[in-house]
Amino acid sequence: MRVDFDHQLEALVAAAPSAATPRRMLVEALMRAYRWEAVVEHTKAYVHYYPQDHQFLEGVTAALRAAGRSDALAALAGR
């Protein structure tokens with residue numbers, strides 16, 4: 001049996017908004033789904049709870065840059 005976390009991560013994050021691993025997994029799933037506005041929203045929320053996790057933020061910004069999403073980068077910079 002395989003659990004499909006990608007489809008249940010949003011509910012899990014809503015139930016436990018400060019949980020780091022589910023929110024990181026959600027951001028990764030949102031990037032795979034090209035849901036850029038949601039990537040920005042959840043990355044901002046993650047940084048709110050974990051402002052010292054520079055590695056995660058750098059990874060997200062690198063992925064946005066690689067995807068050519070300057071709009072999302074700008075929105076994230078305006079956090």
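The protein chain in this predicted model carries 9 positive and 9 negative side chains, and the centres of the two sets lie 2 Å apart. Here Lys and Arg count as positive and Asp and Glu as negative, while His and the chain ends are not counted. Each charge is placed at NZ of Lys, CZ of Arg, CG of Asp or CD of Glu.

Because the model is predicted, local features need pLDDT of at least 70 and side-chain atom pairs count only at pLDDT 80 or more, whereas totals for chains, interfaces and linings use all residues. Residues are numbered from 1 along each chain as its sequence is written, and side-chain values use heavy atoms, with hydrogens and water left out.

The fold comes next. The protein chain has 5 helices and 0 strands, in the order α-α-α-α-α along the sequence. Helices (H or I, at least four residues) and strands (E, at least two) are DSSP runs, numbered from the N terminus. The radius of gyration is 12 Å, close to the 12 Å that the globule rule gives for 79 residues, so the chain is as compact as a globular protein of that length. This radius is taken over C-alpha atoms, and the rule is 2.2 Å times the number of residues to the power 0.38. The C-alpha trace spans about 40 × 25 × 20 Å along its principal axes.

Of the 79 residues, 32% are buried. Buried means under 20% relative accessible area, exposed over 50%, and partly exposed in between (1.4 Å probe, protein chains only).

Beyond four places in sequence, Thr-43 is in contact (heavy atoms within 4.5 Å) with Val-27, Phe-56, Leu-57, Val-60 and Leu-76.

Tyr-34 lies in the loop between helix 2 (20-32) and helix 3. Tyr-34 is exposed, with a relative accessible area of 63%. Its phi is positive, about 60 degrees, although Tyr-34 is not a glycine. Most residues other than glycine have a negative phi.
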